[in-house]
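Here are my notes for you on this one. Keep the picture open beside you and go through them point by point.

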Amino acid sequence: MAAKSGKESKTAKRVITALVLLVLSFAILWFVQRLLMPKYQKGVIEGSFTEEYYKEKVPHDVIIFGDCDAYESYSPVTMYEEYGISSFIRGSGEQYINQSYYLLKDVLRTETPKVVVLSVHNLQHDFPHNEAYNRMTLDGMRWSKDKVDAINSSMTEGETFVSYVFPVLRYHDRWNKLTKTDIEHVFSKDITSHNGYYMRCDVKPIANFPPMIPQISYDFGDFAMAYLDKIRLLCDENGIELLLVRAPIEYGWYEQWDKNVEEYAEQYGLTYINFCDYADDIGLDMNVDTYDAGVHLNIYGVEKLSVYFGRYLTENYDLTDYRTVPSVASEYEKDIRFYNEMRDDQLREIATYGELRSYGVNAIEN
Amino acid sequence: MRFTKAAALILSLSIAGMSLAACSNEPEPVSSDINIISTQAQGKNTGALPHGVVDPNAESENFVFKYKGCNLVVNTVVDESKFPDDDYVDFETTSCASPELTRRYEFKNGTFWMELYPGSESIYTIVICNDIVSTAEGIYIGCTADQVREAYGEPAQSTDALLLYEKGSSELRFSLNTNGEVDQIFYVGKY
């Protein structure tokens, strides 16, 4: 009896030892993976935006999807302060339209906005064609069937699904490029955006640009248009108003593309706002409202556009004034504080150095 | 003792697994969070521009734009020291989510432009915007589509608004106005 008990005890010990070692191995692998993955905390921060949505604690009436035209044109904090609109930008660097669709589906898992705003800038790309941008959008997405579908519809040649499941397979060679930020943010990452808005306070007046290269065809690709259809239908199914917009940036866009979007909007009874047509009404002055010579808006341009756009939204949709909802207002007070702190910090750097040092390209660690 | 051995084995396997991953034959990785190219790149609507293209045969096989004795050829490395005069300005712009800068040259107050591939020194496009300069084959702003055809033959592709020629790793695009006259000329690098 005693011998049997001793044998059982040994077996139990072995099982426990094996389990402990297994857990230990996974912990080591998990740690190494966390360490090696890009953190997007300094310099190129756009890869952080996707996951920052999951830290939100308030409902959103308006959610904006798209690439830089989305996350560098609208300020949810300004729209809240002016009109009480609760909004979030689910944008990311060169977010392809299939990714916008799956990010919308991802949103619908937890909330149903009243208005979905799609920045049509990403229609210019038919298929996803750049792994780095895929990673910036998809790595931060929470695991679900939507993420699986987003990955499968986005992978470029040479990419593998398993490397999205185990990113260490992709980032393993970063071991000799690790920076202080990689070490600091192994276990937690700071919020870098303002409800998805990428803040820049520097000013670089608009420059002349060469004309756009003429194309044989200005049709959008079938793949991209199919996903625009999917977004439209998904909004329909969920009783969401779909609004198509284009940021007031003349650079990098063809007039014929506007015509395409206008025709689509007309065909399906959607609204398309090309803010380039309203630059004067918005009060934009691209000598002071852009930080990169006219390719993107800076905070001054963004706030002007947000006041204008927020007014349009409140006048045309039945949105809640969340300034009157204490639980939401208290969260937005924190957002406003963070917004003002970052703005003041950027302005201080600009006053001191004549340029941003802790933000944008200058902040990239080598 | 056994625990130590087993622990050593498991940890070794973990390390071996990671080493194996590190030795895989995947294509060049994302390489960090910053190896990204322009989202705002002009031109093609099917793909972003590569980091730069240098075609060793470009000088002999591509369309050449001659400016005051200086040959400017797409998909070759730009050499400012060979510019015939200093009547130009250059500036750089950033790209979305990228540390890379795209450099542009504006010659003679917008008479023609040259743009490099993002983050590189190789020429992507040359754009002629007024009739002060012409192509090496004598076509300038204001020429008719027929004159273009006479100089270059039948285009590889065309529409009412565009004649597109291909040679080596370059394209020559003549933009036409509603009167069928050339209003802009583009040398474009192929990649």
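1. Some ground rules. This is a predicted model, where local features need pLDDT of at least 70 and side-chain atom pairs count only at pLDDT 80 or more, while totals for chains, interfaces and linings use all residues. Residues are numbered from 1 along each chain as its sequence is written, chains are lettered from A and ligands numbered from 1 in the order in which they are written, and side-chain values use heavy atoms, with hydrogens and water left out.

2. How much of chain A is tucked away? Buried residues make up 58% of its 366 residues, where buried means under 20% relative accessible area, with a 1.4 Å probe and protein chains only. Among contacts (heavy atoms within 4.5 Å) with a separation of 6 or more in chain A, 82% join residues 24 or more positions apart.

3. Now chain B. It has 3 helices and 10 strands, and along the sequence they run α-α-β-β-β-β-β-β-α-β-β-β-β. Of the 191 residues in chain B, 50% count as buried. For contacts in chain B with a separation of 6 or more, residues 24 or more positions apart account for 42%.

4. Have a look at helix 7 of chain A, residues 145-154. Here 7 of the 10 residues are buried, so the helix is largely enclosed by the rest of the structure. Among those buried are A:Asp146, A:Lys147 and A:Asp149, along with A:Ile151. What do the buried residues of helix 7 pack against? Their partners are helix 5 (97-108), helix 6 (131-138), helix 8 and helix 11 (222-237) of chain A.

5. On to the largest pocket, with a volume of about 700 Å³. On a 1 Å grid over the protein atoms alone, a pocket is an open set of points with protein on both sides within 12 Å along at least five of seven lines, a cavity is a set where a 1.4 Å probe fits but cannot get out, and lining residues have an atom within 4 Å of a point. Points are joined across faces, edges and corners, and a volume is the space filled by probe spheres set on them. This pocket has 39 lining residues, with A:Pro211, A:Met212, A:Trp253, A:Tyr254 and A:Glu255 nearest its centre. Helix 12 (255-268) of chain A and strands 9 (170-176) and 10 (182-189) of chain B each supply at least two lining residues.

6. The second largest pocket holds about 560 Å³ and is lined by 26 residues, including A:Arg34 and A:Asp139. Helix 1 of chain A gives the largest share of that lining, 3 residues.

7. Finally, there are 2 cavities of 30 Å³ or more. The largest cavity has a volume of about 110 Å³, and the residues nearest its centre are A:Glu46, A:Tyr198, A:Arg200, B:Ser95 and B:Ser98.

Definitions and conventions:
Helices (H or I, at least four residues) and strands (E, at least two) are DSSP runs, numbered from the N terminus.
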